[in-house]
Amino acid sequence: MKRRTPILLLILLLLTACAKGPSADAHPEWNAYPIRFGDVLAAETIEGFELNESNDVMSIAGLWYATWTTGEAEQIENAQGKEASVYDAQIYLLLKEGQTENGAENDVADWIEREKNAYETTESTVTVNGREYRILHLIKGGADNPYRRGTAAFLLTGANAVTVEVLAKEGYQDDTEAILLQFLNRLHF
């Protein structure tokens, strides 16, 4: 009987887990959106842009990434010597799920520092749907940067850090800040 006890306990444990079924979706209304980052964030596509890439391969580590593009892709060689596609404009969304608010603050500070190293910047804040974003106006990128200008937003939401960038090639006429605000209006937390 001693040999059967562990097997019986394992079977009971499995049956108990199956009886509970899958956990309920905290946001079933988000299933209509093209991008969903777990139960933290969902994003809608804005007019004039199309979803280009969504990468949740790192979601197990709490890192989510998606991009939207407009215009035709131009192939370039990046600083690492690899071929890359550059569009007239591109929206980047990155979410890092964290363990602590302090960790999220550090992530945002690191992202802002990287932007300041890549662009001449000015700063402001904006409130969209009750959330206050720190805004960096990316005025002028370096000569090796295919995206010459843009606007980036940074948000702390609990232990999570979110950044959204709208970057534009030289010659792109639309207002990157207006595009950013429109996109931020279509984020769901």
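**Figure 1. Packing of helix α2 against strands β7 to β11 in the predicted model**. The buried residues of α2 are in contact with β7 (89-96), β8 (119-128), β9 (131-141), β10 (147-157) and β11 (160-169). Helix α2 lies across these strands and runs at about 170° to β10. Helix α3 (residues 176-184) also packs on the sheet, where α3 touches β4, β7, β8, β9, β10 and β11. The direction of α3 makes about 30° with that of β10.

**Figure 2. The two sides of helix α2**. Ala104, Asp107, Val108, Trp111, Ile112 and Glu115 are the buried residues of α2. These residues lie on the same side of the helix, because the arc they cover around the axis is only 130°. An α-helix has 3.6 residues a turn, so residues three or four places apart point the same way. Arg114 and Asn117, on the other side of α2, are exposed.

**Figure 3. The open sheet of seven strands**. The strand order is β3-β4-β7-β11-β10-β9-β8, and the pairing is antiparallel. The edges are formed by β3 (50-55) and β8; each has a single partner strand, so one side of each lacks a neighbour in the sheet. On average, neighbouring strands are turned by 15° against each other, direction ignored.

**Figure 4. Pairing of strands β4 and β7**. Strand β4 (residues 63-70) is joined to β7 by eight bridges in the antiparallel sense. Threonine 67 stands opposite tyrosine 92, a residue of β7.

**Figure 5. The largest nonpolar core**. This core contains 29 residues, and Trp68, Ile91, Leu93, Val164, Phe183 and Leu187 have the most contacts inside it. Two or more residues come from each of β1 (35-37), β2 (41-43), β4, β7, β9, β10, β11 and α3. A separate, second core has 15 residues, among them Val86, Tyr119, Leu138 and Tyr147.

**Figure 6. Surroundings of leucine 93**. Neighbours within four places in sequence are left aside in this view. The contacts of leucine 93 then include the aromatic residues Phe37, Trp64, Tyr65, Trp68 and Phe183. Leucine 93 is also in contact with Leu41, Ala43, Ala66, Val162, Thr163, Val164 and Leu187. Among these partners, Trp68, Val164, Phe183 and Leu187 are listed with leucine 93 among the residues that have the most contacts inside the largest core.

Notes. Residues numbered from 1 in each chain as written. Predicted model: local features only at pLDDT ≥ 70, side-chain atom pairs only at ≥ 80, totals over all residues. Heavy atoms only, no water. Buried < 20%, exposed > 50% of the residue type's maximum accessible area, 1.4 Å probe, protein only. Helix = DSSP H or I, 4+ residues; strand = E, 2+ residues; numbered from the N terminus. Arc of directions from axis to C-beta. Contact = heavy atoms within 4.5 Å. Pairing = 2+ DSSP bridges. Axes fitted to C-alpha atoms, helices over the stretch in contact; angles between N-to-C directions. Core = buried A, V, L, I, M, F, W, Y, C linked by side-chain atoms within 4.5 Å.
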